[in-house]
Amino acid sequence: MTDKNKQLYAYTRTYGCRANVADGERIDGILAEMGYGFVNSPDGADLILLNTCAVRESAETRVFGNIGALVHRKRLNPDLIVAVCGCMVQRKHTAEKLCGTFPFIDLVFGTHAIHKLPELLSEVISEKRRVTDITAYADEIVEGLPIRRGSALKADVPVMYGCDNFCSYCVVPYVRGRERSRKPDDVLTEVGGLVKSGVKEITLLGQNVNSYGKEHGVTFAELLREIDKTEGEFRVAYMTSHPKDFSRELTDVIAKSGKISRQLHLPAQSGSDRVLALMNRGYTSGQYGEIIERAREKIPGLSVTTDIIVGFPGETREDFEQTLAFIRKIGFDSAYTFIYSKREGTKAAELPDRITAEEKSVRFNELLRVLEDTCGRAYGRFVGSTLRVLCEGKGRTGKRAYTGKSAQGVIVDFDSDRNATGEFVNVKIDAALKWAVLGSVQK
Ligand code: SAH
Ligand code: SF4
């Protein structure tokens, strides 16, 4: 970094959830504003930045492996800057382990220090030493950071940060701090600007969007209602919802709206009330079922997706079977499935865990089979109907020319006389696969 006129290149990589991806877009925005260009591989990079995830052990192991692979690059190019940020370094003992294992790491900064990146980087360059900034809590939300978005068609808009729920297995409240909501006006201005610039699908992000707005005296349903009034044809999705805070008001707003997604991603985690209580989730499987029943009644065609954890400490065979029965009863459109991963510092890490790894993987495979059976049937309900589809480009199944997503978040592969990428089209559905539906544009 001695030649001031040299074009510098950054290779940035983000692991984990959509909130982390949104952070990554801000990190890239800041770097672009600093004059960095971008490369798609570490080759030729002057800065390598890894934005990490801590939600499961496997995510952390991958990062350790990927940083280890950088040793030889640093040896060949001592001017190379290696930066690590995100949720992993927000955990003190992990940050210490990382820095101890890899003395060549130049910059470590936590999830609350993204806006300070320019000053942190210049400190690394001028002082030629490792710089660390890991504050435990964020004072306030920093608005107005530059964003380098990954797509011109779709955009993620965080509406809140942090989480106060402390589900007993989860590390997020420890690494992302307390719940903080953006002001409704800031969200509305960003959404308005995105729609004007041609974005067609906006996803509002938060760990628990249903508790949005407490400090501003606004509910998430009210925010959605306002967003729905924004001029233009676009779609607004949101994730993640928490069953304990999912209000009737929200269902009613979605039912009346023309722009709000017909997909409800509502993580259930388990179908056993005993396990749900141990998880500190704040609802029973019956209450979950009631939310879905009402939502389906009010919002025809609604797609319901979920997250399930298998092998939570002390999960008995009976608990697990209750989860399978629950899945059959609800009939999800799809589900993300996870084997429980012990996270030090969480409440669940202190619970006795006598389920063997073998038993966990037996249950996991059983769960996948039940989901394949139940989810596979769910899409049949769309055959014969017409779905409004945002065309995203060439088809994925090889069976039809184009692909897109419906308001239910369902992948739709379809035939069309013309390339309608970036536009909404009406597609008549004639067949259902397990993970997509097929059709033709209605003329
Ligand atoms: N705030 C969101 C998402 C949190 S992380 C929510 O509450 O739904 C995404 C998913 O990862 C969770 O829903 C959960 O299913 C899974 N997860 C979180 N911690 C985990 C752990 N320790 N082991 C296995 N899965 C976990
Ligand atoms: Fe984790 Fe629960 Fe918060 Fe989701 S709601 S981020 S699972 S603590």
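**Close-up views of a predicted model**

**View 1. The shell around ligand 2.** Around ligand 2 you'll find Cys-163, Asn-165, Phe-166, Cys-167, Tyr-169, Cys-170, Val-172, Pro-173, Gln-207, His-242 and Arg-281. Keep in mind that this is a predicted model, here and in the other views. Sorted by class, the shell of ligand 2 comes out as seven nonpolar residues, three polar ones and one charged one.

View 2. Phe-166 is one of the residues surrounding ligand 2. Its phi is positive, at about 45 degrees, even though Phe-166 isn't a glycine. As for where to look, Phe-166 sits in the loop that runs between β8 (160–161) and α6 (172–176).

View 3. Ligand 1 has 15 residues around it, and the closest are Gln-207, Pro-267, Gln-269, Asp-307 and Ser-341. Gln-207 also turns up in the shell of ligand 2. Gln-207 uses its side chain, where an N or O atom is 2.8 Å from a nitrogen atom of ligand 1.

**View 4. Helix α2 alongside helix α4.** Two packed helices are described by the angle between their axes and the distance between the axes. Here the pair is α2 (residues 57–68) and α4 (residues 92–101), whose axes come within 11 Å and cross at roughly 20 degrees. That angle makes α2 roughly parallel to α4. The crossing itself is right-handed. On the α2 side, Glu-60, Phe-64 and Ile-67 make the contact, and on the α4 side Thr-94, Lys-97, Leu-98 and Thr-101 do.

**View 5. Helix α7 alongside helix α8.** The axes of α7 (residues 184–196) and α8 (residues 220–228) come within 10 Å, crossing at roughly 30 degrees. How do α7 and α8 run, roughly parallel or roughly antiparallel? They count as roughly parallel to each other, because angles under 35 degrees fall in that class. Once again you're looking at a right-handed crossing, with α7 passing α8. From α7 come Pro-184, Val-187, Leu-188 and Val-191, which meet Leu-223, Glu-226 and Ile-227 of α8. By class, this contact has six nonpolar residues, no polar ones and one charged one.

**View 6. The cis peptide bond at Met-239 and Thr-240.** Zoom in on the bond joining Met-239 to Thr-240 and you'll see a cis peptide, with omega at about 5 degrees. Thr-240 belongs to the loop between β11 (235–239) and α9 (248–256).

**View 7. Ser-416 and its surroundings.** Ser-416 is found in the loop between β17 (411–415) and β18 (424–432). Its side chain reaches the backbone oxygen of Arg-418 at 2.7 Å. What does Ser-416 touch once its neighbours within four places in sequence are set aside? Tyr-402 and Val-441 are the residues in contact with Ser-416. Tyr-402 is 14 residues away along the chain, yet its C-alpha atom and that of Ser-416 are separated by 7.2 Å.

Terms used
Residues are numbered from 1 along each chain as its sequence is written. Chains are lettered from A and ligands numbered from 1 in the order in which they are written. This is a predicted model: local features need pLDDT of at least 70, side-chain atom pairs count only at pLDDT 80 or more; totals for chains, interfaces and linings use all residues. Side-chain values use heavy atoms; hydrogens and water are left out. A residue is near a molecule or strand if one of its heavy atoms lies within 4 Å of it. Ala, Val, Leu, Ile, Met, Phe, Trp, Tyr, Cys and Pro count as nonpolar, Asp, Glu, Lys and Arg as charged, and the others, Gly among them, as polar. Axes are lines fitted to C-alpha atoms, for helices over the stretch in contact, and angles run from 0 to 180 degrees between N-to-C directions. Helices (H or I, at least four residues) and strands (E, at least two) are DSSP runs, numbered from the N terminus. Angles under 35 degrees count as roughly parallel, over 145 as roughly antiparallel, 65 to 115 as roughly perpendicular and the rest as oblique. A crossing is left-handed if the near helix is turned anticlockwise from the far one by less than a right angle, and right-handed if clockwise. Contact means heavy atoms within 4.5 Å. A polar contact is a pair of N or O atoms within 3.5 Å; within protein, one must be able to donate a hydrogen and the other to accept it, and residues adjacent in sequence count only if both atoms are side-chain atoms.
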